[in-house]
Amino acid sequence: MESLLGAKPRLEGSGVLRFRYLGANEIEELAELWHTVHHQHTSTASHLEDLITSVDTDESWRRRRSQYLEWLAEPDTLAVLAERDGAGVGYAMVTIHQAQRGSWERGERVAVVQTLCVHPQARGTDVGSGLLEEIRRQVGAMGVRDLELAAVATNSDAIRFYEEEGFRPFVTTMVSRIGGVGAHD
């Protein structure tokens with residue numbers, strides 16, 4: 001499945017933003033882009049170093065790759081690669097799950113953006129907005145009406161972008177070490 005979305009011109013040159021849906025056999029195409037996600041995570045979450053130990057880039061990809069393959073075994077999971085001029089400039093991994101029942105009416109199912117990645121050199125060129133628009137179109141066609149995602153609490157640029165895209169804070173996740181004092185006990 002492929003769609004086209006016109007993009008604002010980049011200073012370095014422009015091209016049409018194309019979306020390609022990946023299967024499990026194509027997941028390795030995301031490795032280099034995941035490395036930029038891992039770097040962003042570890043550089044913006046230094047406040048957690050005394051509590052949670054980060055892993056190196058290769059181990060991080062090994063773990064995430066395994067998770068992606070599990071998710072892609074589910075029929076409604078979307079792996080969307082954004083390409084411009086034949087190069088991967090970003091991607092999104094989206095899962096669908098049953099909505100939790102409780103205080104809010106969210107429909108039967110909720111879409112979760114597990115990863116939204118835009119290559120650092122493509123930030124500010126509508127790649128992230130284009131990916132979110134494509135995801136909304138696809139999951140909306142599945143009857144899903146809510147989209148959620150998580151952001152590292154100290155990644156103010158990402159949070160600002162998500163708010164500009166219509167997201168609002170909903171649940172704050174807190175972490176604590178059990179039975180120890182820190183990441184290296």
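The model is predicted, so local features need pLDDT of at least 70 and side-chain atom pairs count only at pLDDT 80 or more, while totals for chains, interfaces and linings use all residues. Residues are numbered from 1 along each chain as its sequence is written, and side-chain values use heavy atoms, with hydrogens and water left out.

**Whole chain**

Begin with the protein chain in cartoon view, where there are four helices and six strands, taken as DSSP runs numbered from the N terminus (helices are H or I with at least four residues, strands E with at least two). From the N terminus on, the order of elements is β-β-α-α-β-β-β-α-β-α. Colouring by accessibility shows that buried residues make up 38% of the 185 residues, where buried means under 20% relative accessible area, exposed over 50% and partly exposed in between (1.4 Å probe, protein chains only). The chain exposes about 11200 Å², of which carbon and sulfur atoms supply 49%; the areas come from the Shrake-Rupley method with a 1.4 Å probe, and for residues only the protein chains shown count as cover. Of the contacts (heavy atoms within 4.5 Å) with a separation of 6 or more, 63% are between residues 24 or more positions apart.

**Helix 2**

Next select residues 57-72, which are helix 2. This helix has 16 residues and reaches 22 Å from its first C-alpha to its last, close to the 22 Å expected at 1.5 Å a residue, the expected span being 1.5 Å times one less than the number of residues. Show the side chains of S60, W61, R64, Y68, W71 and L72, the buried residues of helix 2. Seen down the helix axis, these buried residues fall within an arc of 95°, so they line one face of helix 2; the arc is that of the directions from the helix axis to the C-beta atoms. On the other side of helix 2, D58 and E70 are exposed. The cover over the buried residues includes helix 1 (31-44), strand 3 (78-84), strand 4 (87-98) and strand 5 (109-118). At the N-terminal end, D56 caps helix 2, with a side-chain oxygen 3.1 Å from the backbone nitrogen of D58.

**The aromatic residues**

A search of the whole structure finds six aromatic pairs, where rings of Phe, Tyr and Trp (its six-membered ring) pair if their centres lie within 6.5 Å, planes under 30 degrees apart counting as stacked, over 60 as edge-to-face and the rest as tilted. Y68 and W71 form a tilted pair, 6.0 Å centre to centre with 40° between the planes. Both lie in helix 2, three residues apart, about one turn of the helix.

Move to T115 in strand 5, which counts as buried at 4% relative accessibility. Its side chain makes polar contacts with the side chains of R64 (2.9 Å) and Y68 (2.7 Å); a polar contact is a pair of N or O atoms within 3.5 Å, and within protein one must be able to donate a hydrogen and the other to accept it, with residues adjacent in sequence counting only if both atoms are side-chain atoms. Leaving aside neighbours within four places in sequence, T115 is also in contact with residues including W34, V37 and Y91.

Finish on helix 1, where W34 and V37 are among the buried residues. What covers the buried residues of helix 1 includes helix 2, strand 3, strand 4 and strand 5.
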